[in-house]
Amino acid sequence: YNTPEFMIAFHGAAWLGGTVTTINPAYTAEEIAKQLHDSRASILVCPADLVDRAREAANGTHIQQVLAFEEVEGDEAGTVGVEPHDVVALPYSSGTTGMPKGVMLTHSNLIANLLQFESSGMATSEDVLLGVLPMFHIYGLVAIVNTGVYRGCTVVTMPRFELEQYLSHVEKYRVTVAHIVPPIVLALAKHPVVDRYDTSALHTIFSGAAPLGRELCQAVAERLGVRIKQGYGMTETSPATHISPVDDESDKHGSVGHLVAGTECRLVNTETGLDAKPGCDGEIWIRGPQVMRGYLNNPEATAATLDADGWLHTGDVAFRDEDGHFFIVDRVKELIKYKGFQVPPAELEALLLTHPAVADAAVVGIPDDDAGELPRAFVVLRGEASADELKAHVAAHVAHYKRLHDVVFIDAIPKSPSGKILRRMLKEI
C-alpha cells in the first residue's frame with residue numbers, strides 16, 4: 001500500500017546498503033512466492049493486514065523474517081559502505097517480452113533519474129504531491145517517493161485510488177502537481193463528479209506509464225485549467241528517458257516530450273536495423289546513466305535487451321518532430337498495459353496451458369477507453385471447457401488486473417515458422 005511507512009522502509013534499507021525488491025500488494029501468495037524465490041529476499045516487510053498472505057508466500061523461500069509496519073522505539077541504525085553501482089532497487093518487469101524479471105537498478109541509476117526529473121522542473125519544495133501511483137512501481141517510487149523527499153515536497157499518500165476520495169484530497173490538501181496514469185486522466189476529463197470539488201490549486205498534471213492521446217490531453221487541460229505533461233520510460237531506465245518540461249510553453253499534446261538530460265536516443269528502423277530517417281518511425285534505443293545493470297539471474301534476457309554498445313532496446317516505436325518532441329506510435333513488445341499495470345501475456349498463457357482441456361493459448365491486449373488495454377485469450381481446446389471456467393482458472397492464480405477479460409476459441413494459434421505467436425493477426429480477429 002501507499003503509506004509513509006513504505007517510504008521509511010525503502011530508504012532505511014537503502015541507507016543500510018540493502019537491496020529492495022518491491023511487490024504489488026494485490027499479488028496472490030503464489031505470485032509473491034515466485035518473486036521471493038527469484039530475488040532470494042531475506043526479509044519481507046508488509047502492512048499488518050497482509051501478514052497472513054506474506055507468511056504463506058514466505059514458506060519455503062529464503063525469507064528469515066516477516067515484519068509488519070508499526071511504531072517501535074530503538075537506537076539509531078548505523079550505516080555500511082554503499083557504492084554507486086550497488087543494486088538498491090529490484091522491481092520486477094517483463095521488459096519487452098516474456099515473464100517478469102528482476103531489474104537491477106543501482107544507487108547511481110536512481111540518483112541520476114532524480115536529477116533528470118529535477119532538470120525538467122517537475123516539482124519544487126512549494127509543491128504538494130498526491131501519492132496515488134503505486135509506490136512499488138518504479139514510476140511512483142521515483143516521481144513521488146524519491147522526488148518528494150529529495151525536493152522537499154509535501155507528499156499526501158493514498159493507499160488505493162477511488163475517484164471521489166482522490167478529488168477530496170486534491171481539494172483538502174491543495175494538491176499542486178498530480179502524477180497519474182491515463183485512466184485517471186480520463187476520469188478527470190469526463191466524470192461529472194469532478195465539478196463538485198475545488199481543484200484550483202492544481203497547476204500541473206503529469207501522465208505516464210501508458211500513452212495518452214492528444215484529444216484527452218486537451219479535454220483535461222481545458223476542463224481543469226492545468227498544464228498537462230507526459231513522459232516516457234520503463235522500469236529498466238529508472239524510469240524516465242523523456243519528459244515534457246514544465247516550462248515548455250509549446251504544449252504539444254500527445255507528445256512524451258524531449259530527452260532528459262544526459263541521455264542519448266536512437267530511433268532504429270525495425271526492418272533494416274539502421275537509424276530511421278528524420279520524421280520517420282523507429283524503435284527507441286536508449287543509452288544513459290539511468291539504464292539498469294541488467295536482469296537478475298538472466299544473462300540471456302539482459303543480452304537481448306542491452307546490446308554490447310550499451311544501447312537499451314525498448315521495444316517501443318516513436319517518431320521525433322522538427323522541434324525534438326517525441327511521439328509514441330506503436331509497441332513492438334508484447335506487454336499489455338492495464339491501467340498502467342504490466343500484464344505479461346506469457347504468464348497468462350502459461351497458466352492457461354496448465355488446464356487439462358487447453359491444447360494451446362495466446363493472450364493479446366485489446367483497446368479499452370477506461371483501462372487502456374484488456375487481456376483477451378485465444379484458446380485451442382483438446383477437451384471440454386467453457387470461457388468462464390478458463391477465466392476462473394486464471395483468476396485463481398493472479399492479481400485482479402491480470403484476469404482475462406474474455407476468451408475466444410479458435411482452431412489454431414497463428415505462428416511464424418520459428419514458432420513465435422503472430423499477435424498482430426490475433427488482434428485483427
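A charge sits over a ring if NZ of Lys or CZ of Arg is within 6 Å of the ring centre and within 35 degrees of the ring normal. This is a predicted model: local features need pLDDT of at least 70, side-chain atom pairs count only at pLDDT 80 or more, and totals for chains, interfaces and linings use all residues. Residues are numbered from 1 along each chain as its sequence is written, and side-chain values use heavy atoms, with hydrogens and water left out.

**Charges over rings**

Lysine 101 places its charged end over the ring of tyrosine 295, 5.2 Å from the ring centre.

**Aromatic pairs**

Rings of Phe, Tyr and Trp (its six-membered ring) pair if their centres lie within 6.5 Å; planes under 30 degrees apart count as stacked, over 60 as edge-to-face and the rest as tilted. The count comes to 5 aromatic pairs. Two of them are set out here.

| Pair | Centres apart | Planes at | Class |
|---|---|---|---|
| Phenylalanine 136 and phenylalanine 341 | 6.3 Å | 15 degrees | stacked |
| Phenylalanine 319 and phenylalanine 327 | 5.1 Å | 10 degrees | stacked |

Phenylalanine 136 lies in the loop between β6 (128–131) and α5 (138–151), and phenylalanine 341 lies in strand β19 (residues 341–343), so their pair ties together parts that are 205 residues apart in sequence. Helices (H or I, at least four residues) and strands (E, at least two) are DSSP runs, numbered from the N terminus. Phe136, Phe341 and Tyr401 form one aromatic cluster.

Buried means under 20% relative accessible area, exposed over 50%, partly exposed in between (1.4 Å probe, protein chains only). Phenylalanine 327 is buried too, at 10% relative accessibility. Phenylalanine 319 has 24%, so this residue counts as partly exposed.

**Cysteines**

How many disulfides does a search of the whole structure find? The search finds 0. A disulfide is a pair of cysteine sulfur atoms within 2.5 Å. Cysteine 265 is in no disulfide, and the nearest cysteine sulfur, that of cysteine 280, is 15 Å away. Cysteine 265 has a relative accessible area of 13%, so this residue is buried. Cysteine 153 is buried at 12%.

**Alanine 13**

Alanine 13 lies in helix α1 (residues 4–15). This alanine is partly exposed, with a relative accessible area of 24%. Not counting residues up to four places away in sequence, alanine 13 touches Gly18 and Val20; contact means heavy atoms within 4.5 Å. Histidine 393 is 380 residues from alanine 13 in sequence and 37 Å from it in space, C-alpha to C-alpha.
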